[in-house]
Amino acid sequence: PKFGIGGVRAILNIKEERPFVGTIVKPKIGLDPKETAQYVYEVGLGGLTHSKDDETLVNQSFCPLEERTAAVAEALDRVREETGRKMLHAINITTRADHILDIADLAVENGASLLMVDVFTAGFGAVQALAEDESINLPIHVHRTMHGAITRNPRHGISMAVFALLVRLAGGDALHIGTFGVGKMHGKFEEDKASQIALTSRLAHHKPVIPVCSGGLHPLLVRPLVEIAGRNIQIQAGGGIAGHPDGPRAGARAMVLAAEAATSQIPIEEYAQAHPELMHAIEK
């Protein structure tokens, strides 16, 4: 990996050890570039470190990759100008392995800050090609969509921990691994822990990779997740942010506040007394 956990912290200027907090643009398909960028802007003002395209969105006619990337880049600039904070958005460039560098170049030219690849559809070679290309100096966010067809049968297939190691060897900087039994995603604590170890344990010449925890998360689940997985993770919430009664900006703020409470070891209900966004999320 070119960046890994430390490199992404450096980009975002996050010196202390605390979780990254991100979201997925919702609705996951159907929004045009302007609407997508507005969503990113709103959650950015809420304090997130990351947002991302959905794994099903790449270059559809209603939201072309080139236009979406440029619009989102402008939204991220506005967030930085208004808050002083950096934020990254992962543009999904998944395509045939022999086209991946061309699509990556298109995203880079239009202001992408982070690239995303669905590794089981594009292939490990696509991730490796991006990581080894010196002209593409951006972190690579790797999604594992479709992995369940290979990893879930206990008597057949391949463990997710093996795929996690392969993603690290190929050069991914972040990888979805599950929620350690917290949230809605199938998977046991032991399985996700094995993937986390594969991504973060000492390995010569390979930086530790960000474990991304996503699937059914909301503010009340942040502390249990941090207690299990630690602070060097990315907490990713879709509906847990978009479903906030006061809108996605408040939803993003609530997730950030939940992470602050967890890392400060303050009970979330107590922390919510002074933060209405968090209180409304808990009530929801």
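Let me start with the aromatic pairs. This is a predicted model, and the structure holds four of them. I will go through two.

The pair of F120 and F124 is edge-to-face, with 6.2 Å from centre to centre and 75° between the planes. F124, at 25% relative accessibility, counts as partly exposed.

F124 also pairs with F163. Here the ring centres are 6.1 Å apart and the planes are at 15°, so this pair is stacked; stacked requires planes under 30 degrees apart. Which helices do the two residues lie in? F124 is in helix α6, residues 124-132, and F163 is in helix α8, residues 160-170, so the pair ties together parts that are 39 residues apart in sequence. F163 counts as buried, because its relative accessibility is 6%. Taken together, ring pairs link F120, F124 and F163 into a cluster.

Next, charges over rings. I have two cases to show. R9 has its charged end over the ring of F20, at 4.8 Å from the ring centre. R78 lies over the face of Y41, and there the distance to the ring centre is 3.7 Å.

Now the second largest pocket. The space in this pocket is about 380 Å³. Its lining is made up of 20 residues, and those closest to the centre of the pocket are R18, G47, T49, R85 and V256. Which element gives the largest share of the lining? That is helix α12, residues 248-264, which supplies six residues. By class, the lining of the second largest pocket has eight nonpolar, seven polar and five charged residues.

Last, the chain as a whole. Its secondary structure consists of 14 helices and eight strands. The C-alpha trace spans about 55 × 45 × 35 Å along its principal axes. How does the radius of gyration compare with that of a compact globule? For 284 residues a compact globule would come out near 19 Å, and the chain has 18 Å, so the two agree. As for burial, 52% of the 284 residues of the chain count as buried.

To go back over the main items: F120, F124 and F163 form a cluster through ring pairs, R9 and R78 are placed over the rings of F20 and Y41, and helix α12 contributes six residues to the lining of the second largest pocket. That is what I have.

Terms used:
Residues are numbered from 1 along each chain as its sequence is written. This is a predicted model: local features need pLDDT of at least 70, side-chain atom pairs count only at pLDDT 80 or more; totals for chains, interfaces and linings use all residues. Side-chain values use heavy atoms; hydrogens and water are left out. On a 1 Å grid over the protein atoms alone, a cavity is a set of points where a 1.4 Å probe fits but cannot get out, and a pocket is an open set with protein on both sides within 12 Å along at least five of seven lines; lining residues have an atom within 4 Å of a point. Grid points are joined across faces, edges and corners, and a volume is the space filled by probe spheres set on the points. Helices (H or I, at least four residues) and strands (E, at least two) are DSSP runs, numbered from the N terminus. Ala, Val, Leu, Ile, Met, Phe, Trp, Tyr, Cys and Pro count as nonpolar, Asp, Glu, Lys and Arg as charged, and the others, Gly among them, as polar. Rings of Phe, Tyr and Trp (its six-membered ring) pair if their centres lie within 6.5 Å; planes under 30 degrees apart count as stacked, over 60 as edge-to-face and the rest as tilted. Buried means under 20% relative accessible area, exposed over 50%, partly exposed in between (1.4 Å probe, protein chains only). A charge sits over a ring if NZ of Lys or CZ of Arg is within 6 Å of the ring centre and within 35 degrees of the ring normal. The radius of gyration is taken over C-alpha atoms; the globule rule is 2.2 Å times the number of residues to the power 0.38.
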